[in-house]
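Please examine the structure shown here, together with its sequence.

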Amino acid sequence: MKVYADYAATTPVKPIVTEKITEILSEHYGNPSSIHSIGRDGRKYLDQSRREIATLLGANPNEVIFTSGATESNNTAIKGIARKRKHLGKHIITSRIEHHSVLHVFEELEREGFEVSYINVNDEGLVDLDELKQAINPETTLVSIMLVNNEVGTVQPLYEIAEILEEQNIAFHVDAVQAIGHMPIEFDEMPIDLLSMTAHKFGGPKGIGALLVKKGIQLDTFIQGGEQELKRRAGTENVPYICGMASALAVANEHMDENNVHLMNLKEKLIVGLQQHAIPFELNGSMVDTTGHITNLYFPFIEVETMLTLLDMANIYVSSGSACTAGSTLPSHVLEAMYGEHERVKQSVRFSFSDLTTEEEINYIVDAIMKIYNQFKEEENE
Ligand SMILES: Cc1ncc(COP(=O)(O)O)c(C=O)c1O
């Protein structure tokens, strides 16, 4: 048996999505900015997908900017707001547990002369709302806080954060990458200004995403060129992948409720399975403010690198945290923010599941971990 349990890193493209992409690639290849009929045909598919995506996310089609993925969406939102509002103030806020496509942008802006407040989190990974309140000053122009953390699955109290920011003319950007397909998104109803997403986390292809921007919010743009995306993002639109993203999103939304029940069952099954075999472990994150698809566990008997290698040998593919840093030996900045310099930062594994994950796969994972633990105990007794 082979078990892929790293769906928070990326998901396989759904067959219906591949079909859609192939159709557009070969039959509707026109450049949507060309004015002849082949171009207009491409434009038709682009416009249709924009409307579909907007409807599925409760947004207006004009609020959707297509990008190459969430890294670009996060860069566009954060640099775009901070630089556009520089004359109003040079203080911006984020949390310590953001994805590197947010944190590294804030660090870059710090080098440009912005002052950044990095808000701490508690041991469940929830941002400290009092600290956020204290951090705001008349110079603050932007707050960027993610909706669902990609390493531990914690869901941030978006509405409470928005309440703190209310009537202060502070733009609120949300990296919602890990929330799409797991939580209903009604962009126009939500008290936020910008939202980042990417298709490859919900059955779409890599290299395509979107930034939703509320009407009236102005951004400084840094990709110069043509006038695509209402002059907000230059470059010929990737129509086949945009259409693929629309169909992936439709499928993800349609099955969201049943998937969430399935994912919560899997999470519980993994935890109960480990408990029944008396394997020592602790949950990193929250059991309440969480999505079902991510479970991060601390195994106090083994270093994460060894655990990942042994699991890989058992054909179980998981990770220690964000895929973008998985190749590095640096400890997870998310777990460090939650637990400080504790050994659990180096002894934790992220399991992430999808609608494709089965109960048999969870049993297989539990069995494999049990064998690893028994081996560890034997070695300890030798
Ligand atoms: C929370 C979060 N933000 C941003 C990204 C970056 O997305 P992309 O791979 O589309 O650049 C990821 C994915 O790795 C993520 O999990």
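**A guided reading of the model**

In this predicted model, a polar atom in the side chain of glutamine 224 lies 3.0 Å from the backbone oxygen of threonine 221. Glutamine 224 belongs to the loop that runs between strand E8 (209-213) and helix H7 (228-231). The residue counts as exposed because its relative accessibility is 62%, and the cut-off for that class is over 50%. Glycine 235 is 11 residues away from glutamine 224 along the chain, and the C-alpha atoms of the two are separated by 8.4 Å.

Lysine 231 is not a glycine, yet its phi is positive, at about 65°. With a relative accessible area of 58%, lysine 231 is likewise placed among the exposed residues. A positive phi of about 65° is also found at asparagine 315, again a residue that is not a glycine. Asparagine 315 sits in the loop between helix H10 (304-313) and strand E11 (316-317). Its relative accessibility is 28%, so asparagine 315 is classed as partly exposed.

The ligand may be considered next. How many residues surround the ligand? There are 14, and the closest are Thr71, Asp175, Thr198, His200 and Lys201. By class, this shell comprises three nonpolar, nine polar and two charged residues. Helix H3 (residues 70-84) makes the largest contribution to the shell, supplying three residues. For threonine 71, an N or O atom of the side chain is 2.5 Å from a ligand oxygen. The corresponding distance for threonine 198 is 2.6 Å, and for histidine 99 it is 3.3 Å. The protein covers 90% of the 390 Å² of accessible area that the ligand has on its own.

In soluble globular proteins, nonpolar side chains tend to be buried together. Here, the largest nonpolar core has 63 residues, of which Leu147, Phe172, Phe202 and Met245 touch the most other members. Which helix provides the largest share of this core? Helix H8 (residues 239-254) does, with eight residues. The core also draws on both domains: at least three of its residues come from each of domain 1 (3-11 + 257-381) and domain 2 (15-254).

Two further buried residues complete the tour. Serine 352 is located in strand E12 (residues 348-352). Is serine 352 buried or exposed? Its relative accessibility is 0%, and therefore serine 352 counts as buried. A polar atom of its side chain is 2.8 Å from the backbone nitrogen of alanine 8. Leucine 129 is part of helix H5 (residues 129-135). At 18% relative accessibility, leucine 129 is buried, because the limit for that class is under 20%. Isoleucine 372 lies 243 residues from leucine 129 in sequence, and the C-alpha atoms of the two are 40 Å apart in space.

How values were computed
Residues numbered from 1 in each chain as written. Predicted model: local features only at pLDDT ≥ 70, side-chain atom pairs only at ≥ 80, totals over all residues. Heavy atoms only, no water. Near = heavy atom within 4 Å. Polar contact = N/O pair within 3.5 Å; in protein donor to acceptor, adjacent residues only side chain to side chain. Areas by Shrake-Rupley, 256 points an atom, 1.4 Å probe, with all protein chains shown as cover. Helix = DSSP H or I, 4+ residues; strand = E, 2+ residues; numbered from the N terminus. Nonpolar A, V, L, I, M, F, W, Y, C, P; charged D, E, K, R; others polar. Core = buried A, V, L, I, M, F, W, Y, C linked by side-chain atoms within 4.5 Å. Buried < 20%, exposed > 50% of the residue type's maximum accessible area, 1.4 Å probe, protein only. Domains from an automatic or database assignment.
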